[in-house]
Amino acid sequence: MSTGLIAAEPRSATDLRSIAGEIGFLPALLVLLVAGMSAVDPQFYGTVNILNILRNASLLAIVASGQALVIVAGGFDLSVGAVVALASVVTAKTMATTAAAFPGNTALIIASGVAAGLGCGILVGLVNGFCVAKLKVSGFVVTLGTMSATAGVGLMITSGIPVYGMPDNFVKGFGRAQAFGLPTAVHVAIAAILVMVFAQRRTLFGRYIYAIGGNVDAAVMSGVSIQRHIVGTYVVSSLLAALTGILLTAQVGSGQASFGGDRMMLQSIAAAVIGGVSPRGGVGRVEIVAISALFLTILGNALNLLHVDSRLQPIFLGVIMVAAVALDELSRRRKSGV
Amino acid sequence: MHLPPLNRPPEKPMDTDIDPQLVPPLLRLRGISKRFSGVRALDRVDLDVRAGELHVLFGENGAGKSTLINLVSGTFPPDEGTFHFAGDAIHNFTPQRARAIGISPVFQEFSLVPSLTVEENLFLGREVARSGVLRSGQMRKRARALIDELGFDLDPSRRVDDLSRAHQQMAEIAKALLGKIRLLILDEPTASLTERETGRLFELIARLKSQNVGLIYVSHRMREIRALADRVTVLRDGRHIRTLDAATSTDGELVELMTGRKIDLLFPTIAHEPDKLMVDIENLTLTDGSVCDVSLHARAGEITGIAGLVGCGKSELIRAIYGIEPTASGTIRIDGAPYESPAPRRSLKRGIAYFPANRIAEGLALSRSIRENASMTVLDLPAFARFGILRQAVERTRIAGIMAQLQLRPPNIERPAGALSGGNRQKVMLGRALTRELTVFLFDEPSVGIDVGAKLEVYEFMKRLVEAGAAVIVVSSELPEVLALSNRLYVMHHGRIAAELTGAEKTEQNVLSSFFRDHLTAEVA
Amino acid sequence: MSDLELSVAAQETGREKLLPARWLWSAILPIAMVVLVLGFASFDRGVLSSANLLNVAQQTSYLALFAMAQTVVILTRGLDLALGPTVSMVSVGTALAMAGAAATGHDPSAVLLAGLAVGFSLGVACGLFNGVVIAMFKVNPFVATLGSYNVAIGVATTLSSGRPVQGVPTLFSQIFYGGSVFGIPAAIAVTVAVGIVLHLVLARTVFGRSLYIIGTNPRAAAVAGLPVKRILITTYVLCSALAALGAIMMTARTGSGEPNLGGALSLQAIAGAVIGGTSLAGGRGGVGTAVLGALFITILSNGMNLTRVDGYVQMVVLGAIVIIGVLLDRLRLERRL
């Protein structure tokens, strides 16, 4: 009996420490940033600004959570930005075409557009996954190639001109609508993140992704089928990128090949890495990546409000990213040194 | 606690009166061959394992034991030969298949994912799930029940990378015992366990045998073989030498079969002439705690041996001297002068060379040529490079000369190091010793993965070094090897020096009992 | 057993038999290039005109320079995503320094010197940052250079306010773009010279040897006492210095400091190196693979331009080529089994 009590105490202490270790200093930084900005500039907590932040953070969080999944499994997905653009263009174009063929049939128009957008996300994901898992080509190079190809296809479809002709229901009724005082993108993002958290923690798929990223040999020895799950990570990543593309399209009201792009890709990797996803694979949690996406968005917003030259902003992003990973490595070294 | 694997009734209840010879064996391998990198790891090996039997695989490092158990576990397919399990011919064998038919391996190199918890690792690949959703509560309950039943002191919710080596070993064993098993493979399972945990494991083995589970057990330890084995198969140089009944065979017979010659013939007689104090270590403790408060010394003109079980800190100790394990406290003196914060480059400049146990991971750049591999440690010397520019002609003649001296076969130094056999790879490493002025030689498991002939050459090489007046420290898990080579022998246990043996005290008995003594003192304290 | 080990072993066992096959594999890229050129020429005679060939050579020389820079770090299992932004930053910095020096009335040679000094310093600083973060703090090269990617973009656009920097002296362009050595245009001459020197460095110096050993087995290199950290830092500095040199040449061509000059160069340079046969797993490649890859990409896009293939289609083709290139490399390795 007494041993149980003695054992219980240190365990809860280590739990606390490990929780702090896993989440890291990010939430603290976030609170600090919000508190500081609120004190400095009342414009920061104005409704318009907050909604703006949440909308942008949602889009980044969706892409970043897919990216995080790929990184946990030991890869990188450079094609997410291009997929955002392609999905946007394809969705808009499909809706415009369907609208011309079946005028007035809004449900069909929207369904076909969304399906086409998500479909091309899945397609790119399958190509990525197939090349990485079956052909054993480095994920970095494969997604570099599909990034170029996907962006090219997006531009080919539109010749670089925005695509209009989507039903009002889709733009005003969905993209620019609000429910419970929050933009639809926020609801979609929360739903997507909850699903991803559930998938990571409670499903076989999530468990196997961690195992593969943590130690491929052990996963093989334990009978985990590697290829299927690697393909899965790339498909989910592309699918989420496509979802973001559709949300952006609905918000803006036109399909554009300039959405997403390198910037979105780089930011998604930054958000994942700052959110504690180790580029070594096997470690990282979606909910913290979401917080990290929120943090990066607020940081950008704060720098804007403080009239910091927007051109200087990438410097902050770069430094924070490198610092986050360097700190992670240092703490790893200290841990292994104990 | 009721547990499926241990309390499950035997698959085929056998009448003990039946002559085991008449019952088809659980596992039957015939004519199994396997090649790696041009090296024949297994050469037409036969093996039978009966249900309810503990079958020991006995052989030197590199004899093919680990290749064989990897084949049986489905890690890779054989190049030729047939594989029968429970009477069925098995083709296209994979780890998944192995699990499914009840073959469960416990490897020395752990099949655990470091970033997952013990419990997550136990169920890896066979999670309890309904339509893809994990049932964590149920798994937790089963994991706890299994660990309780095994009597291991192991917390299933801890992450594996937070565990000690012994605890990782327990997790590995628990993982193998989860689910249906018919053949359990144990590869030196006691290497990092304490006496008490070893006792629990042996009880468990007895229970599994009574439930008709077949066991393949790899071990070097005579004591364990005596206590557990029903039959012993001896492997040498990838070939099946003989299978004997454990009860009727003697230790000497086994060792002779293993080495292929009388044991005392294997080692050269070395004329030790202890001279100057070359390495003097006082109260050395490493940052990771693997070595704790160790004092030891080595003299020129003698071989100083360090024996101990896997994970006792003996490798870490010499790695710290060379500068690839961080030290926390203590002093190292080389040739009388203090040596602070060691690093490989400075060690070489001071005349210290280190020969790693894992030559693939830490020794050689396999796709580069033998020449480049042998000259890797001398690129800082003006003889090999001036103002940063390589003197390739000098390099070529020097390395070719050294490799000829070491009798590298074939003598072409432009071949990639990866094309060489284990013994020749070790020769490339030894070649480094001849490229520059060195006085202290640290050998970490010098005979791992090389055949008997090459071993002899390595020993002869050490003999020449010592007789030329160098200080040599040999770390080895092969007791006969360190016993025969060393003039003085340190025994390490749990990161500390447990004994220092010289002359007539240097016996296998004394080494083993110093482990035991250490346990007693630990319990008293 | 790693692929590497197996492939090495197989080389030994079947040397005789596989030699012609391996020769064919390594010749695949040059053959593909000849086929491409002839194919394009059948559409448009202009492809083979001396003016176009010179143009291709000149285009190639810039990309080859960047591909060589990238190859040096890829040899150590690294990567420099920041190469493009470094080019932009150096371009802007060089132009600003020269414009500033010219405005304060310094003589032309001092102006040039100021530009070169600032340009190379910025490059070296960027390389130093990458190298230190990667070697000392053990940050994954991808993440580290992604960080400096952002920093360099920030610096380039801030310094230039996002607009081209004017005021580059004509002498600068005359020398580094219009100039020639023995009738060979400056860009080509510089790239050839750099290529020869770099080849000698890789093949004949301790530094070069160390790069290959570190890329093949970093642990073994450290245990053998090679100064791994110092070499890695030097490698990234060398990469960025070569990028700076390329940036200066390109700035001379455009005649202004361009904050977007680097654009997609990071990835193009990686693509060039990889298509040429440099292995992302480290330890395999060199000046030859970098130049070959750069030449291939340039011929392909030049031909597509001349045959009026849509620019967007070109992106798709390039993407496909990158994947096919790596796939071929993969097959080439397996062929050796």
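Predicted model: local features only at pLDDT ≥ 70, side-chain atom pairs only at ≥ 80, totals over all residues.
# Close-up views of a three-chain model

Figure 1. Of the 338 residues in chain A, 53% count as buried. The chain is built with 14 helices and two strands. Along the principal axes, the C-alpha atoms of chain A fill a box of roughly 75 × 55 × 40 Å. A compact globule of 338 residues would have a radius of gyration near 20 Å, and the 21 Å of chain A agrees with that.

Figure 2. Let us zoom in on one residue of chain A. Ser237(A) is found in helix α11 of chain A, which covers residues 226-252. Is Ser237(A) buried or exposed? Ser237(A) is buried, because 33 other C-beta atoms lie within 10 Å, and the cut-off for a buried residue is 20 or more. Leaving aside residues up to four places away in sequence, Ser237(A) touches Gly66(A), Gln67(A), Leu69(A) and Val70(A), together with Asp77(A), Val80(A) and Gly125(A). For a sense of scale, Phe295(A) is 58 residues from Ser237(A) in sequence, and their C-alpha atoms are 21 Å apart in space.

**Figure 3. Where chain A meets chain C.** Here 39 residues of chain A are in contact with 38 residues of chain C. On the chain A side, the elements that give two or more residues are α6 (139-158), α12 (261-274) and α14 (313-337). Which of them gives the most? That is α6(A), with 14 residues on the side of chain A that touches chain C. By class, this side of chain A divides into 28 nonpolar, seven polar and four charged residues.

**Figure 4. Chain C as a whole.** Now for the partner in the previous view. Chain C holds 15 helices and two strands. The C-alpha trace of chain C spans about 70 × 55 × 40 Å along its principal axes. With 337 residues, a compact globule would have a radius of gyration near 20 Å, and chain C, at 21 Å, agrees. Of the 337 residues of chain C, 53% count as buried. Among contacts in chain C with a separation of 6 or more, residues 24 or more positions apart account for 80%.

**Figure 5. Where chain B meets chain C.** Chain C also touches chain B: 29 residues of chain B are in contact with 27 residues of chain C. On the chain B side, α12 (344-349), α13 (359-363) and β20 (389-390) each supply at least two residues. The side of chain B that touches chain C has 17 nonpolar, seven polar and five charged residues.

**Figure 6. Domains 2 and 3 of chain B.** The domain assignment of chain B gives domain 1 (4-114 + 180-260), domain 2 (266-351 + 437-524) and domain 3 (368-434). How far apart do the C-alpha centres of domain 2 and domain 3 of chain B lie? They lie 26 Å apart. Ten residues of domain 2 of chain B are in contact with six residues of domain 3 of chain B. On the domain 2 side, helix α17 (residues 452-467) of chain B gives the most, with four residues. By class, this side of domain 2 of chain B has seven nonpolar, two polar and one charged residues.

**Figure 7. Strand β13 of chain B and its partners.** Strand β13 (residues 277-286) of chain B pairs with strand β14 (residues 294-299) of chain B in the antiparallel sense, over five bridges. Within this pairing, Ile281(B) stands opposite Leu296(B) in β14(B). Strand β13(B) also runs antiparallel to strand β16 (residues 327-334) of chain B, and six bridges join the two. There, Leu286(B) has Thr327(B) in β16(B) as its bridge partner.

**Figure 8. The largest nonpolar core.** This core has 365 residues, and the members that touch the most others are Met321(A), Ala174(B), Leu442(B) and Val472(B). Helix α12 (residues 228-254) of chain C gives the most to this core, with 17 residues. For a closer look, take Val472(B): residues up to four places away in sequence aside, Val472(B) touches Ile303(B), Phe441(B), Phe443(B), Met462(B), Leu465(B) and Val466(B).

Key: Residues numbered from 1 in each chain as written. Chains lettered and ligands numbered in written order. Rg over C-alpha atoms; globule rule 2.2 N^0.38 Å. Buried ≥ 20, exposed ≤ 12 C-beta atoms within 10 Å, placed from the backbone. Contact = placed C-beta atoms within 7 Å. Nonpolar A, V, L, I, M, F, W, Y, C, P; charged D, E, K, R; others polar. Domains from an automatic or database assignment. Core = buried A, V, L, I, M, F, W, Y, C linked by C-beta atoms within 7 Å. Pairing = 2+ DSSP bridges.
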